[in-house]
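The entries follow the order in which I looked things up.

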Amino acid sequence: MAAMRALSGAAILWAWEVGAAQHPLDRALTMLGAACPDVPRERLATLSVGERDARLLALRERQFGAALPGYAECPRCGERLEFTLDAVALRGDAPAGPVPDAPARTYDVAAEGYELRFRLPDSRDLAAVVATVGGDPAAGGRLLARRCVLSATRDGAAVDPGELPEAALDGLSRRMAEVDPGADLLLDLRCPACDHGWQAPFDPGAFLWAELAVQARRLLREIHALARAYGWREPDILALSPWRRRYYLELVDG
Ligand SMILES: [Zn+2]
């Protein structure tokens, strides 16, 4: 299976144009698909959320480097914090290499007297939650259990995964977070002004999308300026190396 590659100018514009009309879940797959054109989208959709996000971070690293500029506002005093995140550290041990052909791994957990065998939620499962229960977390947890719990037993007797009690679902979701730690990235932040500490979620897909959108608009401005100055066509301008494009732009501006 082919490895991930950095996005060309044409691939950035394609991902931006396709992703602009998409839900963030699909957008993440569009960005990964642009970087792994040999991997079918349906296969990318079966990556667990942590595996998907690790690859988005690997793509970010390949495209723009490992240092991610971050900012946040202190919820207590309003101080604005600026900091740098490290894509490699955020990714941790999560696999970020080529997408394997193997079927999703299964895991076991004992929770509140129930023995559960499950697979990790993936993009298809999250899309189902968004489509059917929206933002209701309890209903979302029950739907994920129905989709991801492959077998449930209590005292040796089979149980319907859709009928598990809340406490068993809590145990399941704790175990899922343990085996897919990259699925729910939390930043530990501390305010230098008032010493307040808090956790903020970090979404690699949203972060990379915002950067790609900036990059896409910059590319379009460059194409516009060069096409107007020289009469070149868009594909020919995109085929130039960024370095050569910049040089021509300097000549146009100068
Ligand atoms: Zn503060």
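I looked up Trp 232 in this predicted model and found a relative accessibility of 31%.

I then examined the ring contact of Trp 232 with Tyr 248. The two ring centres are 5.0 Å apart and the planes stand at 80°, so I recorded the pair as edge-to-face. Trp 232 lies in the loop between helix H9 (204-230) and helix H10 (234-239), whereas Tyr 248 belongs to helix H11 (residues 242-253), 16 residues apart. Tyr 248 is partly exposed, at 25% relative accessible area. I noted that ring pairs join Tyr 230 to Trp 232 and Tyr 248 in a cluster.

Next I checked Trp 243 and Tyr 247, whose rings are stacked, with 6.2 Å centre to centre and 15° between the planes. These residues are about one helical turn apart, because four residues separate them in helix H11. Trp 243 is exposed at 62%, while Tyr 247 is partly exposed at 46%. In total, I counted six aromatic pairs in the structure.

I also looked for charges over rings. The charged end of Arg 80 sits over the ring of Tyr 71, 4.3 Å from the centre, and Arg 154 lies over the face of Tyr 114 at 4.8 Å.

Last, I turned to the zinc ion. The SG atoms of Cys 74, Cys 77, Cys 191 and Cys 194 coordinate the zinc ion at 2.3 Å. The spacing of the donor residues in sequence is C-x2-C-x113-C-x2-C.

Note on methods: Residues are numbered from 1 along each chain as its sequence is written. This is a predicted model: local features need pLDDT of at least 70, side-chain atom pairs count only at pLDDT 80 or more; totals for chains, interfaces and linings use all residues. Side-chain values use heavy atoms; hydrogens and water are left out. Donors are N, O and S atoms within 2.8 Å of the metal (3.2 Å for Na, K and Ca); water is not among the atoms, so sites may look incomplete. Rings of Phe, Tyr and Trp (its six-membered ring) pair if their centres lie within 6.5 Å; planes under 30 degrees apart count as stacked, over 60 as edge-to-face and the rest as tilted. Helices (H or I, at least four residues) and strands (E, at least two) are DSSP runs, numbered from the N terminus. Buried means under 20% relative accessible area, exposed over 50%, partly exposed in between (1.4 Å probe, protein chains only). A charge sits over a ring if NZ of Lys or CZ of Arg is within 6 Å of the ring centre and within 35 degrees of the ring normal.
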